[in-house]
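Open the structure in your viewer and keep the selection panel at hand. The stops below say what to select and what is there.

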Amino acid sequence: MRRAGLGDGASGNYVASGYSVYEEENEHLQEGLRAKVSALKSLSIDIGTEVKYQNKMLDDMDTDFDSTGGLLGATIGRVKQLSRGSQTKLLCYMLLFCLFVFFVLYWFIKLR
C-alpha cells in the first residue's frame, strides 16, 4: 500500500511546488524588506541633511550673538565712561527723556 505523497511520481511534484511557493513568498518578503530599507535610508539621509543645516544655522546665530555681545559691551563701556565724567547731569537728562518717551508710547498704545 502506498501512502499519499510517497510515491515516485507524485512526491517530486508536491515537494517542488511547495518549495516554489515558499521561494515566491520569500522573494515577496525580500522585496518588501528592500522597500522598507530604502525608505529608511532616504529618511536617514534627509535627517542628516537637516541636522547639518540646523548646526550651520546655530553656528551663525552663535557668531551673531558674539558680535552683538561685543557691541553691547562696548556701548556699556562708553556709558560708564560717560557717567564717570562731568557729564552726569547730561546722562540724567537722557535717562529721564527715555523714561518720558517710554511712558508716552505706553500711554499711546494703551489708548488704541
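Select Lys56 and Asp60: both are in helix α1, four residues apart, or about one turn of the helix. Helices here are DSSP runs of H or I with at least four residues, strands are runs of E with at least two, and both are numbered from the N terminus. The model is a predicted one, in which local features need pLDDT of at least 70 and side-chain atom pairs pLDDT 80 or more, while totals for chains, interfaces and linings use all residues. Residues are numbered from 1 along each chain as its sequence is written, and side-chain values use heavy atoms, leaving out hydrogens and water.

Show the side chains of this pair. Lys56 makes a salt bridge with Asp60, with 3.5 Å between the closest N and O atoms; the term requires a side-chain nitrogen of Lys or Arg within 4 Å of a carboxyl oxygen of Asp or Glu. Side chains of opposite charge can pair when their charged atoms come close. Lys56 has a relative accessible area of 52% and is therefore exposed, whereas Asp60, at 38%, is partly exposed. The classes are buried (under 20% relative accessible area), exposed (over 50%) and partly exposed (in between), with a 1.4 Å probe and protein chains only.

How many salt bridges does the structure hold? There are two. For the other, select Arg34 and Glu31, whose side chains meet at 2.5 Å, N to O. These residues are three apart in helix α1, which covers residues 8-84, again about one turn of the helix. Arg34 is partly exposed at 48% relative accessibility, and so is Glu31 at 47%.

Next, select residues 90-109. An unreviewed UniProt entry places a "transmembrane region" there; UniProt positions follow the numbering used here, feature names are shortened, and annotations may be inferred rather than shown by experiment. In the model this stretch is 100% helix and 0% strand, with its end C-alpha atoms 28 Å apart.

Now select Phe102 and Phe103. A search of the whole structure finds one aromatic pair. The ring centres of Phe102 and Phe103 are 5.6 Å apart and the planes are at 65 degrees, so the pair is edge-to-face. Rings of Phe, Tyr and Trp (its six-membered ring) pair with centres within 6.5 Å; planes under 30 degrees apart are stacked, over 60 edge-to-face, and the rest tilted. Both Phe102 and Phe103 are exposed.

Finally, select the whole chain. It has two helices and zero strands, and 1% of its 112 residues count as buried.
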